Amino acid sequence: MEKGFKKQVIVTGIRPTGDLHIGNYLGAVKPLLATIEKYPDAKIYIFVADLHGLTDNNAETVAKFRFEVVKDYLALGLDKYVRSGRVHLFIQSQIGELVSYFALFLSRYTTFNDLMRVPTLKEKLKANQEEGQANALLGYYPILMAADILIHNATIVPIGQDQLPHLEKTREFGGKFNAEYGEVFVLPQAHSVNNLRILSLKGTGKMSK
């Protein structure tokens, strides 16, 4: 943890783009519960990332599943941590105005070309789609993710190997902001989770919702 930030703060989220399945439980929920137990004194924020869900889903789909994800997470073991006050569970759009404004401010610190070098964004391009044909929200994804993390002054982000480039962008944004305005934000560290990659029933790619 960096100087001036005494308490561990953990932030993580999940996109509400469909019903949770066994792959989500083994790859996301179970590692998250283990992380909560590993850091008993940390302040933990878990959010349903409905704004992120709009990247490649329509608003109707996102609205349909955001509360279902909340109920699934509570049923799968999060309930006792929320009731005890150890975990703060919320829907991203509940602070949408604040996080969106901050993300807009952070967008000063990057270029579209830099964003499209993030490996996970290239993976999200549709078949036979060029970078220039992707919707603008795809490029905005790392900026919004950085805002989600920095706005809570997260010290730790539970993350799979494939999401590490996003965290590096977050640290980059935070570093540039601090260079301009002083030591405002902590630069978060990754907590690597052993998130299993469950193959789809078709045998190619990971299991989808």
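## Charges over rings

The ring of Phe-173 has the charged end of Lys-169 over it, 5.4 Å from the ring centre. A charge sits over a ring if NZ of Lys or CZ of Arg is within 6 Å of the ring centre and within 35 degrees of the ring normal. Arg-108 likewise lies over the face of Phe-105, at 5.3 Å from the centre of that ring.

This is a predicted model, in which local features need pLDDT of at least 70 and side-chain atom pairs count only at pLDDT 80 or more, while totals for chains, interfaces and linings use all residues. Residues are numbered from 1 along each chain as its sequence is written, and side-chain values use heavy atoms, without hydrogens and water.

## Aromatic pairs

Eight aromatic pairs are present (rings of Phe, Tyr and Trp, the last by its six-membered ring, with centres within 6.5 Å; planes under 30 degrees apart are stacked, over 60 edge-to-face, the rest tilted). Phe-102 and Phe-177 make an edge-to-face pair, 6.2 Å centre to centre with 80 degrees between the planes. Phe-102 belongs to helix α4 (residues 96–106) and Phe-177 to helix α8 (residues 164–181), 75 residues apart; helices are DSSP runs of H or I with at least four residues, strands runs of E with at least two, numbered from the N terminus.

Phe-102 is buried at 10% relative accessible area, and Phe-177 is buried at 11% (buried means under 20%, exposed over 50%, partly exposed in between, with a 1.4 Å probe and protein chains only). One aromatic cluster is formed by Phe-102, Phe-105, Tyr-109, Phe-177, Tyr-181 and Phe-185.

## Nonpolar core

The largest nonpolar core has 20 residues (buried Ala, Val, Leu, Ile, Met, Phe, Trp, Tyr and Cys joined through side-chain atoms within 4.5 Å). Its largest share, five residues, comes from α3.
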